[in-house]
Amino acid sequence: MKHFVLVCLLLSTVYAIDAQAANWHVRSGAGGNGTSWTSAWSNMTNISWALISPGDTIWIAGGSYSALVVGKSGNADTEAGRIFIKRSTVAAHGSETGWNTAYDAQVTLAGIYWSTLDVGSYVTIDGQVASGMKINVSAGEGSGVSLDRGVAYVTLRYLEVAGPCGASPCVQSGDNRGIDTTAWNGSDYELVDRLTVQYTKVHGACTLMFIMNADNSIWEYNDFYDNGATDFVICHPNVVATEKSTNVTFRYNNIHNYSAEGIMMINGSSGTWHVYGNLWYGGGTSSGPYNRLLETQQGTNGPVYFYNNTVVGLWATWTSANNGVWNAGSTSQNNIYWDCNGSGLPNQSHDFCSGTCGGSNSISNGSNPFANLSAGDFHIVSTVDATYPRDKGINLRFPYSVDRTGNARGGDGTWDIGAYEYTSRSSSIVTPPTPAWLKIR
């Protein structure tokens, strides 16, 4: 009997927690209190943040809206502790009263901002499908997504942040940014801790990401491209500019068609970065334009652990400027450098180059290893030979032991060099499913 009472008490506690979670609704053209699709809030500015509790979800119907300014924090990195803001889908709402299939459409926002002191932690913003939520960034100063206050445990998924430029550079007329974590308080950058950005496209802006004092962040399965400018004095286009950020994981991303630095570390204050399984390609060759892979400036930055990346057609790889040096522990291993000018990390081994590769067990003057270079298919071919990357890598162990499509490395006992482990399965470029441990975030 005691056990029965205990079980009942536990179940009642669980149900009480579940009962606290509520669904709220935003729909353009509505005019209600947010409690249903027929009585939805009509815009981001109408959200009654005082009503939102940890565990709640704010669902947004397709349409155009003002900027989303996050106005509440969750209290834990759990399903019951986070606040979720999601695009609506048929899968989630198809049987609900007042639902219309037209609501399952892209959500366009004027911006996403964190601008209130100590507000906006433990929040997930999820577009649900590729480019499910889109933010357009106009030429001039400004950012599409701006975390300008210190927050923690923010997750961004399935967004598209689009600047004014396309595949060709354009007039930016200002240092506009895609995703900006510049939480400057007048004397220092406030900490943006444990930011996760997944399955997001950022393109066409001057600097695609400013990562300032964003420790323990994860950037994965994203597409970063088309940053350029014809007015370099006002806008110096980088994929990433970073300062005071450590324990950063940058993995399984596509980075292509960009004008200047890939990742620019400045002020000798950037700490440990794990950069692995990425594709860096397109937009030039080893003779120009002057796109670089990673650059250190104004002191010692790193260490950077650069593992199992594929780098194709860049003017330069590892560079330094303004008295910048790389931390002595920075390491390049198991990378393909094709049609690129050199390398330059303190430690290098087991790399593969179309030209000259430094470091032990590296392959210089390699043969074309790609399934279809002209079509941008950078899977490697099956050939095992002294001038090919298959079975020539070094075992780097967890967490580097899975390639960008989910294949375990070293399935036949030896790791391959490059972003893709060889497999006889389909060579199409696919996005792997979200790991279970990241689904909440």
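This is a predicted model: local features need pLDDT of at least 70, side-chain atom pairs count only at pLDDT 80 or more; totals for chains, interfaces and linings use all residues.
Eleven strands come together in an open sheet, with parallel pairing and the order 3-6-9-12-15-18-21-24-27-30-32. Strand 3 (63-65) and strand 32 (352-353) stand at the edges with a single partner strand each, so one side of each has no neighbour in the sheet. Further inside the order, strand 15 (residues 201-203) and strand 18 (residues 223-227) run parallel and are joined by three bridges. Valine 202, for example, has phenylalanine 224 of strand 18 as its bridge partner.

Next come the cysteines. The sulfur atoms of cysteine 206 and cysteine 235 lie 1.8 Å apart in a disulfide, which is right-handed at 110° about the S-S bond. This pair links distant parts of the chain, 29 residues apart: cysteine 206 is in the loop between strand 15 and strand 16 (207-212), and cysteine 235 is in the loop between strand 18 and strand 19 (240-243). Cysteine 206 is buried, at a relative accessible area of 0%, and cysteine 235 is buried with a value of 0%. Cysteine 353 is joined to cysteine 357 (S to S 1.8 Å), and the torsion of about 65° makes this disulfide right-handed. Cysteine 340 has its closest cysteine sulfur in cysteine 353, but the distance of 8.0 Å is too far for a bond.

Tyrosine 122 is in the loop between strand 7 (112-114) and strand 8 (123-126), while tyrosine 153 is in the loop between strand 10 (143-147) and strand 11 (154-157), so the pair ties together parts 31 residues apart in sequence. Phenylalanine 306 and tyrosine 337 are also stacked, at 6.5 Å centre to centre and 15° between the planes. Here strand 26 (residues 304-307) holds phenylalanine 306 and strand 30 (residues 336-338) holds tyrosine 337. Phenylalanine 306 is buried at 0% relative accessible area, and tyrosine 337 is buried at 2%.

Terms used. Residues are numbered from 1 along each chain as its sequence is written. Side-chain values use heavy atoms; hydrogens and water are left out. Helices (H or I, at least four residues) and strands (E, at least two) are DSSP runs, numbered from the N terminus. Rings of Phe, Tyr and Trp (its six-membered ring) pair if their centres lie within 6.5 Å; planes under 30 degrees apart count as stacked, over 60 as edge-to-face and the rest as tilted. Buried means under 20% relative accessible area, exposed over 50%, partly exposed in between (1.4 Å probe, protein chains only). Two strands pair if DSSP finds at least two bridges between them. A disulfide is a pair of cysteine sulfur atoms within 2.5 Å.
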